[in-house]
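This report describes selected parts of one protein chain. Please look over the sequence and the structure below before reading on.

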Amino acid sequence: MAERTRIVLKSGKDQSLRRYHPWVFSGAIKKIHGPEREGDVVDIYDNKEEFLASGHYQKGSIAVRVLSFEPVETDQSFWDQKIGNAWKLREKLGLVGNRDTNVFRWVNAEGDGLPGLIVDYYGGTAVVQMHSIGMHHNLEAIVSSLKKSAGDRVHTIYNKSETTLSDKPGIKEKSGFLMGQQEQGEVLEYGFRFNVNWIQGQKTGFFIDQRENRKLVGEYAGGRKVLNMFGYTGGFSIYGMGGGAKLVHSVDSSGKAIDLTREHVEMNFPGDTRHKAYAVDAFGYFKEMDEAYDLMILDPPAFAKHQNVLNNALQGYKRLNQRAFEHIAPGGILFTFSCSQAVSRENFRKSVFVAAANAKRKVRILHQLSQPPDHPVSIYHLEGEYLKGLVMEVE
Ligand code: SAH
């Protein structure tokens, strides 16, 4: 094994690693022995020279992202095993070769033991998004493992890391194809058709993490008037229509997203007049609207990208949900979500609770929602459970 840089932790700072938490914060470091090269694999020791873990080093608040809690050589077989295991889990979940759903998350960073790496699968296309320099250095090995584990189930690999690595000095990442050339494609989710453009779309192209929650909306939609706020390309709207809604209105501030929503409605329900879409701001829409919706979905973008803007984010969730409680028809069902990693389930529920009280509505929680199993969460890394949702009945 090549000589690696050794990182020694301050006394007492070894505890979280002993509980398999996969991050080392810079403040926990006592001394670094050896070159400090970003993206290198380093070994971490406690202050009594006991080995704790190995991981990718990077400057910043998270200094090391752990790849292994045992001494390990990060050669091709390491990547083959990790990425192969991730693929096997999706097979176990019934997502590989599924006739109704061919879009899923293949690698979910810490949840698959690969902090800094996201891979989403769109019916034969793998979209790779790297969030760390260490992953960037290993792209070739990663791509080789992707091809090996999926075989002929992958025909296109697209690297979409230009924006996720843009703030890292010295890296001039360009997004681009690593295999094949397909720029967009039609995917199936529970039999519904969606056109996904991984080059131009948000994130890797589609919000795969809402699959099971969209299905639940379909189960509640029968006979209801549905408002899908922050609809993006209309995922929740399509399920609402499939579930027999009386009408469905989609709202998103992005005109492109609204165009795609209309396209998706036409693809799945040609000629159906129950749907309308509006490219406007959510708060503006609440102010102007005159329809008495009895099923609302609120799925805003992450209000808190960092811990230090947490309070503003909680205020944002409160304001938004209060508008919904003020407007929803008696007996209505409200689906509300937060995808901010910095906002805990507890804090999110508190914001929604204050919103309900301010609107003076009687509210009961029917479901507490999260992300689907192709977005697994390490039990030692609760930050990985970023998607939180509540389904409520409003009297
Ligand atoms: N529910 C979607 C994902 C939503 S992502 C799905 O299932 O696919 C969040 C969306 O909110 C983005 O499409 C973004 O364009 C939109 N958005 C952001 N700010 C907004 C605002 N102030 N008003 C309306 N939409 C907004």
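## A glycine in a loop

Leaving out residues up to four places away in sequence, G39 touches H56, Y57, I133, G134 and H137; contact means heavy atoms within 4.5 Å. G39 lies in the loop between strand 3 (29–33) and strand 4 (41–45). Helices (H or I, at least four residues) and strands (E, at least two) are DSSP runs, numbered from the N terminus.

G39 is buried, with a relative accessible area of 6%. Buried means under 20% relative accessible area, exposed over 50%, and partly exposed in between (1.4 Å probe, protein chains only). Between the C-alpha atoms of G39 and N108 there are 19 Å, and the two residues are 69 residues apart along the chain.

## About the model

The model is predicted: local features need pLDDT of at least 70, side-chain atom pairs count only at pLDDT 80 or more, and totals for chains, interfaces and linings use all residues. Residues are numbered from 1 along each chain as its sequence is written, and side-chain values use heavy atoms, with hydrogens and water left out.

Five strands form an open sheet in the order 7-8-9-10-11, with mixed pairing. Two strands pair if DSSP finds at least two bridges between them. Strand 7 (103–108) and strand 11 (176–179) are the edge strands, and each pairs on one side only. From one strand to the next, the twist averages 25°. Axes are lines fitted to C-alpha atoms, for helices over the stretch in contact, and angles run from 0 to 180 degrees between N-to-C directions.

Which pairs of strands run antiparallel, and which run parallel? Strand 7 and strand 8 (117–122) pair in the antiparallel sense over five bridges, and F104 has Y121 of strand 8 as its bridge partner. Strand 8 and strand 9 also pair in the antiparallel sense, over six bridges, with V119 opposite V128 in strand 9. Strand 9 (residues 125–130) and strand 10 (residues 156–159) run parallel and are joined by four bridges; T125 stands opposite T156 in strand 10.

Is strand 8 enclosed or open? Six of the six residues of strand 8 are buried, so it is largely enclosed by the rest of the structure. In a regular strand the side chains alternate between the two faces of the sheet. Both faces of strand 8 are covered, with L117, V119 and Y121 buried on one side and I118, D120 and Y122 buried on the other.

Helix 2 (residues 76–92) lies across strand 7 and strand 8, and runs at about 145° to strand 7. Helix 4 (residues 139–150) lies across strand 7, strand 8, strand 9, strand 10 and strand 11, and runs at about 155° to strand 10.

## Helix 5 and helix 6

Two packed helices are described by the angle between their axes and the distance between the axes. Helix 5 (residues 211–220) packs against helix 6 at an angle of about 35°, and their axes are 7 Å apart. The crossing of helix 5 and helix 6 is right-handed. A crossing is left-handed if the near helix is turned anticlockwise from the far one by less than a right angle, and right-handed if clockwise. Helix 5 contributes N213, R214, K215, V217 and G218 to the contact, and helix 6 contributes G235, F236, Y239 and G240. These residues divide into three nonpolar, four polar and two charged. Ala, Val, Leu, Ile, Met, Phe, Trp, Tyr, Cys and Pro count as nonpolar, Asp, Glu, Lys and Arg as charged, and the others, Gly among them, as polar.

T233 is in the loop between strand 14 (225–229) and helix 6 (235–242). T233 is buried, with a relative accessible area of 4%. Neighbours within four places in sequence aside, T233 is in contact with F206, A257, L260, T261 and H264.

## Helix 9 and helix 10

The axes of helix 9 (residues 310–327) and helix 10 (residues 345–358) come within 8 Å and cross at roughly 40°.

S351 is buried, with a relative accessible area of 6%. Not counting residues up to four places away in sequence, S351 touches L314, Y317 and K318.
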